[in-house]
Amino acid sequence: MLFGACYYPEHWEQERWETDARLMKEAGFNVVRLAEFAWIRMEPEEGRYEFEWLDQAIALFGHYDIQVILGTPTAGPPKWLMDKHPDMYQQDYQGHVRGFGTRRHYCANNLNYQGYTNKIVTRMAEQYREHPNVIGWQIDNELGAIDTARCYCGNCRLAFIAWLQQRYGSLEQLNEEWGTIFSSQSYTSWEQLHLPAYSVHQGHNPGLALDFRRFSSDSVVKYQQLQLDILRSLCPSTQPITTNMMGSFNDLDYYDLAAPLDIVSLDIYPIMKRVPEERAFRTGLNHDTMRGLKGQNFWVLEHQSGAPCTYAMSSTPRPGELRRWTYQSIARGADAIVYFRWRTLTYALEEFWHGILQHHGEPGRRFEEVKQVGQELRAISPLLAGTTVKAKVAMLKCFHNEWAFELQPHASGYEYKEHQAQYYRYFHERNIQVDIISPDASFDGYELLIIPNLMMAREEATKRIHAFTERGGTIVMDFRAGAKEWNNRMLPQRLPGLYADLLGISIDDYGIIEEDLSIGLLESEAEAAAASDSAAYPGEAATWYDVIELKGAEPLLLFANDYFAGQPAVTRNRYGQGTAYYLATELDPASLHGLFQSICADLNLEPVLPGLPSGVEAICRMREEGEQRSEVIFVINHSRVDAAFTLDRSYADAMTGTEISGVVVLEPNGVLVLCSTG
Amino acid sequence: MLFGACYYPEHWEQERWETDARLMKEAGFNVVRLAEFAWIRMEPEEGRYEFEWLDQAIALFGHYDIQVILGTPTAGPPKWLMDKHPDMYQQDYQGHVRGFGTRRHYCANNLNYQGYTNKIVTRMAEQYREHPNVIGWQIDNELGAIDTARCYCGNCRLAFIAWLQQRYGSLEQLNEEWGTIFSSQSYTSWEQLHLPAYSVHQGHNPGLALDFRRFSSDSVVKYQQLQLDILRSLCPSTQPITTNMMGSFNDLDYYDLAAPLDIVSLDIYPIMKRVPEERAFRTGLNHDTMRGLKGQNFWVLEHQSGAPCTYAMSSTPRPGELRRWTYQSIARGADAIVYFRWRTLTYALEEFWHGILQHHGEPGRRFEEVKQVGQELRAISPLLAGTTVKAKVAMLKCFHNEWAFELQPHASGYEYKEHQAQYYRYFHERNIQVDIISPDASFDGYELLIIPNLMMAREEATKRIHAFTERGGTIVMDFRAGAKEWNNRMLPQRLPGLYADLLGISIDDYGIIEEDLSIGLLESEAEAAAASDSAAYPGEAATWYDVIELKGAEPLLLFANDYFAGQPAVTRNRYGQGTAYYLATELDPASLHGLFQSICADLNLEPVLPGLPSGVEAICRMREEGEQRSEVIFVINHSRVDAAFTLDRSYADAMTGTEISGVVVLEPNGVLVLCSTG
Amino acid sequence: MLFGACYYPEHWEQERWETDARLMKEAGFNVVRLAEFAWIRMEPEEGRYEFEWLDQAIALFGHYDIQVILGTPTAGPPKWLMDKHPDMYQQDYQGHVRGFGTRRHYCANNLNYQGYTNKIVTRMAEQYREHPNVIGWQIDNELGAIDTARCYCGNCRLAFIAWLQQRYGSLEQLNEEWGTIFSSQSYTSWEQLHLPAYSVHQGHNPGLALDFRRFSSDSVVKYQQLQLDILRSLCPSTQPITTNMMGSFNDLDYYDLAAPLDIVSLDIYPIMKRVPEERAFRTGLNHDTMRGLKGQNFWVLEHQSGAPCTYAMSSTPRPGELRRWTYQSIARGADAIVYFRWRTLTYALEEFWHGILQHHGEPGRRFEEVKQVGQELRAISPLLAGTTVKAKVAMLKCFHNEWAFELQPHASGYEYKEHQAQYYRYFHERNIQVDIISPDASFDGYELLIIPNLMMAREEATKRIHAFTERGGTIVMDFRAGAKEWNNRMLPQRLPGLYADLLGISIDDYGIIEEDLSIGLLESEAEAAAASDSAAYPGEAATWYDVIELKGAEPLLLFANDYFAGQPAVTRNRYGQGTAYYLATELDPASLHGLFQSICADLNLEPVLPGLPSGVEAICRMREEGEQRSEVIFVINHSRVDAAFTLDRSYADAMTGTEISGVVVLEPNGVLVLCSTG
C-alpha cells in the first residue's frame, strides 16, 4: 500500500525540505509525487536542463524511506516555450486564442508541442529510469481537464479531416452516414470539412458533433501514447506508468485512456461538492468507475486533504472526515493514497487549496488525522495485498452514449450521467457491490447487468448482451435502448430496434414527460381502471414514456393516466435461460427500489453485511487463491449519528487484531475493518 | 383546399418514393412541398444542374393526383458555394463570422450570394414554369429565422450607409433626427457611420438602433424581391408565389414582406410551447396575425405533425390534437394545410423533429388521424370556397413600435407583444373575432380599434385614427401613445402628444410600477377616499402609470393609492361621433375584461356562437354574394372535459350532412363544423 | 452653497436658452455645469475650434447671476477623432475592439489620445481661465465608468510591463512575489509578461490579477493628472478642479484619484436602486465615502432629479423625495448641489433619463419642489459656511482588499463592500456619525476604528493601527485580518499574522459556512454545553469561521455547534491603553448590533439626536472657531409615517428662524434643520 502526498520541492526553500520529509516519515508516508508542473525548473531555457534540485529531493526522500512517483511536466509548458510557438495555444469555438493563464494551454495535436514533449519526457526518463527510488510515472496531469479536451484551431481541423478520412474511407460514405443531404450540407471535397465551430443557431449535424467529440478524445489519447511510448522504451517495468483521472469527468473516453496504461489513477475530492448526504454514493460511484476502467485496482494520486479553493472555498473537512474518505478509497480498490497536497501553498492560483499542513507549515489537526491513518495502515496494508472488489452486478457506462445525450438531451435538462447515478444509488445504499464497466468489457461472472440508455452500441456488444441473457443472465435496459446507430443516426426500425426479441416488446409511440406533467404508475390494470386523473398514484413516471406493445414480455408496472394509461411502464421478458427487464420511463425512487429489490431477491444478491443502518457503507476487498478466500470488509459510518448493528458472525478487527462479533456501535466518521479467512 | 405534407425525396431512397405517394393518396393528400434546401442535389457543383430526380418525383406525385409547391433552396447554400466566397457568411455584433452549420449562413446584402441566388432560381423557374403539376412557389424558407435577420459584416455597413443616405438625404438631417450631438456622437462624413455593433456599455443611439432594425428588415425584403422578380418574370400567374412566415416572429416587418407576395404562408407548431391552457389563444393570435398581413386567407406550409426537437423534445401530440389544431388553422383562414413533415428523418439536426410517420416509415397513430381529416375535408372543402373570417374588431400591430420597445422596454421585462396578446385574449376567450392589422391598413368595416402602445405612428395613420373615431368608431389607446416621433425621438410636447384632443386628456407626470409595488384600482372617487394604503382594492395596476389631467374625458377607473391616488387610470372621451378610451396603466385581467365587456356591450359585438363553455372556440368563415350569405362555423373543444352547449338555431353538420340543433356535447379535442346559408 | 443643474446648451435651440436661465434663476440656482461631452461643438473638425456658442451661453447665465463649472469633454471623443486613430479604442479581455457607441471608448494609456486630450483641454483652459463667471473645472466625466477602467489592448500590455518593471525592479523579484514557479509560469524575459486576458479556465495568478487592477487604476489616475497639470498651469486657483465620482464604484482607487484634486465631487441617484427601506443608509454610506476621500466636504455634480433610464426606467421620485435626498447630501457634506439634468432630453441614449423638467420643457411638479429647496437654502446656506461633519468613529475602506476579495471571494457570493455596508448600517440607524477613511489616513480624533476584512495592509498602516490601540483607541477587526501580504500572497504565518499580539488570539483552523449550514452563536460556555444541534440559538454565524485559540483575549460570543462548538466567535483583548475586538465570523444583525451597542456604551458614543424613531436620520454639520462651536443639525424622515420625537433642548429652526423645542412631528419626507451655537 502506497501512502503519501503530492510534494513540490520547487515551491519551497531547500532548507525546509528535510522538515517536510521528517514529518512525512512521522505520518507513516512511503511515497511522494514530484515534478509535475516543474518544467521551468527542469528546463529553464530551451535545451538547458537542470535536474540537480530534483536529484537532491529524491535522494532526501530516499533517506527517509519515501519513494517517488514522477509526473511529466507537460500540463505546464513555460511561457518561453509558448511564446516561441504561439500556434500551440488552444482556440475556442469562436476562434479566440486561449492565452497564457492557468495551465494546459496547449493543443494536443500541435506538432511543435509534441516535439517539445518528446524532448522533456525523454530527458526525464533518461535521468530517472535507473533510479531505484523512482517507482512510477504519471503522464501530464488531469488530461483534458478545465475544458481542454476540445480545441478548434486550424491544425485540429486538419487533424480532424485526416481522422475522418481514416474512419469513413470516402467522402460518399461520410455524407451518407452523417446524412449531410439535409439542408444541402453535403461535402464535395475533403477540404470543405470543418469543425463544429461557431455558426448560425450553433446547430451541427449530430454525426459531425459526435465525431468531433470522439476525435478530440482520440487526440488526447494519442498525445498520452506519445509519452507512453517514450517511457516504455526507456524505463523498466518496475516503474509502472499511469495518469491521474477525474471520476465522472467525461470529455475523454476513459476506457481508451486507461487501456494502454499500467494502472489507473484517480484524483478525488469528496467534500468539494455540497449536499453532504449524497457524497458517499457519488464518491463511491467515482471509485467504482475508476476500478472498472481496466477491471483492476487503482491509485489515488490526489486525495483531498483540506478545503479546495480557486475563487470560493469549499467545506473544510471536519475532524475524522479525511480518515473516513481515505478508507472509502481503499475499500473500493485504491492501492495508493497520495494526498493533495502536503502543505498549503502561500501564493499563486491555488493559494487557498488547502493541504495537510496550513500555510504556516506546522503540524495541526489534519496532520494528526492523516498520521493516525498511517499508523493504522501498518496493520491493514498486508491484509490487502492481492485483494480487490468483486461484484455480481455490473452497470454499463458508455462515453459515446453519454456524449450523444449531451448533444441532444431528449428531455430538457436530462443527463445520462445523473440517470446512471440514480440506478447506482440503489445498490450503494444497500451495500450490494457494483462494477461500472464498458459495454466492450467481459460480462463473465456477473449475474445482473444494468444497461442505462443504451441508445447506440457496437455490434459486438449487442451480441454479447444477447448471449449473456440467453445463458441465464438478468439484464435491465430502459428507454432509448437501440434507438441509434453508432454514427448517431436514428435506426430506421421500430423500437427497441435490435433488442426487440430480447425484450419481447415493440414501441411505435413515445414522448417526453414535461416537469409540470404528472404521470402516475400502478401495479395492475385493475388499479389503472379505477384511477382517475386527479388520483394520487403509488408511483410516478418522469422524463420519458414509451407506448409499449407486448410481444411476449409481461407488464410489471403500468402508466396510470394520459392517453397511454394502462400501458406497460416496466416489462419483463424471459429470453433463453435469462430475464430481460425494460423500463419505459424514469421511475420515482420508491418504484425503482421496489423493482430492484425484487430483482435482487430473485437473484439472491446479498449485501456485503446484512442489517446495516442507513448511512453505513460496507465494502469487501477479497482474494481467492485456490480454495482459500480472504476478505477484508470495511464498514464506514457516513451518517451523523452513532450506528448500531449486529455482525452476522465473528471477525477479526484488523486495526486491533482482536476478535469482534455481536452488536457493534460505530460513531459518526467511524471506520471498522473486519477480516475473515475461509 | 390544399392538403398535404412537406416531402424531401432527396432524403430517401428512390425505391421508397412510391410507397410514400401511395400512403399520401390514402390519406387524402393533394399537395406536397418539395425542393426547399435541395440546392446540393440541383446543383451538385457550380454550373452543373441536375433536375431529373425532381422531375421524376413530381411526375410520380402527379401520377397520384398530388400537386407540387416548389421551394427555392436558398436557405441552404452548399458548402462548395460558401467556400468559394467566404464573405457570404454573416457576422455577429462582435465581428465573429458565423460559420457553416445549420443553414441560413448567408448575408442577404451580399452581391455574390445574390448572384448565385439569381442563377439557381432562374434555372428552377425555367425548368418548372410550364409544369402543370407545379402549382406554386415558396421563396427560401423562414426568412430571417434563427437570428439571421441582422448581419454585422462590412458589406452590411456599406449597405446601411446607402440606406441612410436614401432616408435622410443629408448628414445634417441624420444628425438632427438621431440627436447625435449627445455625447459628441455627431458624424461629419458618411464614412464615419457604423452599425450598432459591440461597444462600451453596448449602448447605441435609439435612432441608430431602430434604423438598423428597419434596414435589416428591408434588406431581407429586398432579397425576397430579387427572387420574386425572377419568378414573376418567368412563371405564369397560375403558380402563385409565397414564403413561409412564423406567426409572432418579429425580426422582419411582415407587412413589408407580405405586400409583394401573392399569398402569405404560415409555419405553425401549436404544441411546441408549454402551458397547454394558453395554446389556443396564442395559436389563434398567430393565425389572425397572418390573415391580417394582407387581409386575406393564407396557406399553412408547415403544420405540426409530431413532437418537434432539435436538442430537447417538445410534447408529443395526444390523440386528436393534430386534428384539432388543423381545424383551428382552417377555421382562421388557412386554404392549405401542409404538414411538416411526412416522415421523421433518421439523421441530421432534425432527426428528432417528428413527422406524420415515425422513423420506421410505417403508418401509425398520427397517420390515421391525418387520414381522418383528409376524409372529412372531402365534405368540408367545397363549403369553404370563397369564405374568409370577417371581424368588427381590429387590433393594430406595428413592428416599429415593437422594435422600439425591445430596444427600450420602459419597465424591466415589459413586452409589447405580450401586452397585445393579453388584449387579444379577451376577445378570443369570448369568441369575438378580431383582425390584427397594420396601422397603415384600411379601417373600413370595423367598429372597434384596439391600439396598444402606439408610441410612434406615421402621420397618415394618426389622421386616419382621428377620422375613424370622428365618424363614429370606438378606439382604445393606452400608455405611451404619442410619446415618440417616427425617428425614435421623444415628442417635445405634453403627452399624449397628437392624441390629446382625441383622448381629451393631458399628462405631465408618469412612472413605472415596479413588481413589488402594489397600486390598486377603484371605480369611483368615493371608494378612493375610503381606501387606505393597506386595503385590498378591486383591481390592480401594473407596469406603468400616467398622471392624467382631464381635458374633456371622463374617468372610468381611478388609481387607489400612492401620490396619484384618485387620479384616472382609465378614461373615455367623446370625439365627433365616436368614443376614445385611454388606459393609463396595464390593467389586471378582471378590470380589463370588465372594461372590454362594457365596450362590447355598447357596440353590440356578439360572439360567433353564444353560450359556449370555457375552452371552446368558435370561428366563422363566411362568404357573401349579393344578398346570399354562407357561413361555416367551426366549434373546437380545447378543454380536457366534455363541453355541453345549446345551439342558437338549427345548422347543417358539414361532416355528416345531417341537421343539428339543441344541446350538443363535444368531447375533448372534438370539432364540429356547422353550415348555414341565408 | 452652490445650487444648480447640469445644462447642455448644445442640445437645445439657442432661442430656448434664455427661458431656461430665467427659470433657473426663479428656482434659486447660482451655478450650472456646462460643456462636458461637447467636444464635437468645440472642435467640429481637427484643429478648428468653436467657442462662440459657449461664450454666449456663459454670458447669458452670467446675466442671470448663474456661475459656471466647465467639464472637459474627453469622455466623449468625436467619431472623426476615433476614426483617425482606431488604436484609441479599448479592447476587452478576449481582444474584441469595443467600438463606437455610448462614450468613453478610449484607452487611457493611448499616446494619441493623450495628445488630443492635451490640445482640447489646453484650448479650453486658454479660453476660460480668465473668465470671471467660470468658477471651476470638472475633468472628464465619471472616469472609469461603464466598465472602462480596464483595457486589454497591446498598448496597455506594454504600459503594464513598464509599470511592473517600476514596481518590482527585477524579473526575479516579480517571479518571487507572485510565486510564478507554480505551474511553470515563471517569466524569463520582460517581453513574456502579459495581461490577465482570456485563457484556459480564465485563471490567473492572484499577484498578476491584483497588480493589473492596480495598474489600471493608476493608468486612469495618470490620465487625470495629464489634464490636471494643464489646468493647474493655466488657470487660477479661484477655479478649483474636481472630477465626478460614483459612491461605491470601485474600479479605481478613489483615494488616489482624489488626492491631487482640489475637491471631490459625487454623482448620486438615491432612488435608482430598489429596496426603498435601504436607500437611506446606502446613500448615506456613499456620501460619507466621498467625504472621507480627502477628509473634506465635496460637491454633488449630478444629483438625481427624475427617473433614470437607459433601457428600463427606475422609480419616478415621489413628491418630496428630491427635497429629502437633497438635504441628505447637504447634511453629509455637500457644498454644491447640481441636479442632473435640467430638462429631459428628447433624443439619444438618455432620452428617458428624466431631469427637473419633462421633455416638454414647462415647469411642473419637480421644478416646484426644487424651487422650494432653492428658497430654503437662502436661509440655510450662510449657516453652513465652514461647517462639516465630525465623527468619533471611522471605518477603514481599502480598495486593494476590495479588489482582492473580488478576485477571490473566499465564500461564494461574499462581498467586502456589502460586509462593510452592514457594519455601517448599525451606526447609520442610530445616527452615530462615521467617517469612511483610508488605512493610510490619519486616525487622530477617532475613538473607534472599524476595520473590516483587512486581509492586507501597508506596513505603516499596520503600525498605526497598533499605535492607535496602544494609546487608548478601540478597534474592531474581523476574519481574514492579516492573512495576506500586499502582493496578494498568503502570509506564511499563523493567523491573524501581524495582529496576533494586538488581538491576543491565534488561529490554526478555519473554513466557510455554506448557506445551508446553520451555525449558532451563544454568549457563554454553559449555554454551549446545554445546546444541542437542533436547538435554536440566540445568534447565527455566516460566511466564515475561525477556530480561535485565546492568547490573552477574552471570549464574548461562542460558536454553538459543529466541531468548533464552544470556541470563541468574538473576542476582546486589552492592548496598551486600548481595546481590540475580533470577529471570527459574520454575525447576524442582532448579534452585531448587540456587540456594537456595548462598544458604543463603553465609549460613550452618542447619536446626533437622542430618541429618534426608526427611519429618521439626523446629521450634524459643525464649525469650531476657538471656543465657539456652531452646529447645524439636519433631521430627515425617510419613513412613510409621521415621526414624533422630543428634542433634547431648544434649537433655532433654520428655515423659519423661530425657536423650536419639545415634541416635534415630522411628516414623511419631512426635513428639519436645527441650529445651535455655543
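Which domains does the domain assignment give for chain A? Domain 1 comprises 2-79 + 105-142 + 220-385, domain 2 comprises 393-603 and domain 3 comprises 616-676, with bounds that come from an automatic or database domain assignment. Before I go on, please keep in mind that this is a predicted model, in which local features need pLDDT of at least 70 and side-chain atom pairs count only at pLDDT 80 or more, while totals for chains, interfaces and linings use all residues. Residues are numbered from 1 along each chain as its sequence is written, and chains are lettered from A and ligands numbered from 1 in the order in which they are written.

Let me stay with the domains for a moment. The centres of domain 1 and domain 2 of chain A, taken over C-alpha atoms, are separated by 39 Å, and 12 residues of domain 1 are in contact with 15 residues of domain 2, where contact means that the C-beta atoms, placed from the backbone, lie within 7 Å. On the domain 1 side, helix H10 (residues 276-294) gives the most, with 7 residues; helices (H or I, at least four residues) and strands (E, at least two) are DSSP runs, numbered from the N terminus.

Now to the cysteines. In the unreviewed UniProt entry, the annotation "binding site" covers A:Cys107, A:Cys151, A:Cys153 and A:Cys156. These residues are spread over 50 residues of sequence, yet they cluster in space, the largest C-alpha distance being 8.1 Å. Such annotations may be inferred rather than shown by experiment.

A:Cys107 sits in the loop between helix H4 (79-84) and helix H5 (111-128). Why is A:Cys107 classed as buried? It has 25 other C-beta atoms within 10 Å, and a residue is buried if 20 or more lie within that distance, exposed if 12 or fewer, and partly exposed in between. Leaving aside neighbours within four places in sequence, the contacts of A:Cys107 include A:Cys151, A:Cys153 and A:Cys156. A:Cys153, in the loop between strand S4 (134-138) and helix H6 (154-168), also counts as buried, with 21 C-beta neighbours inside 10 Å.

Finally, the chains. The contact between chain A and chain C takes 51 residues from chain A and 41 residues from chain C, and H4 of chain A gives the most to its side, with 3 residues. A rotation of 120° with 0.0 Å of shift along its axis superposes chain A on chain C (RMSD 0.0 Å), by least squares on the C-alpha atoms of residues with pLDDT of at least 70 in both. The two copies are therefore related as by a three-fold rotation axis.

Note on methods
Contact = placed C-beta atoms within 7 Å.
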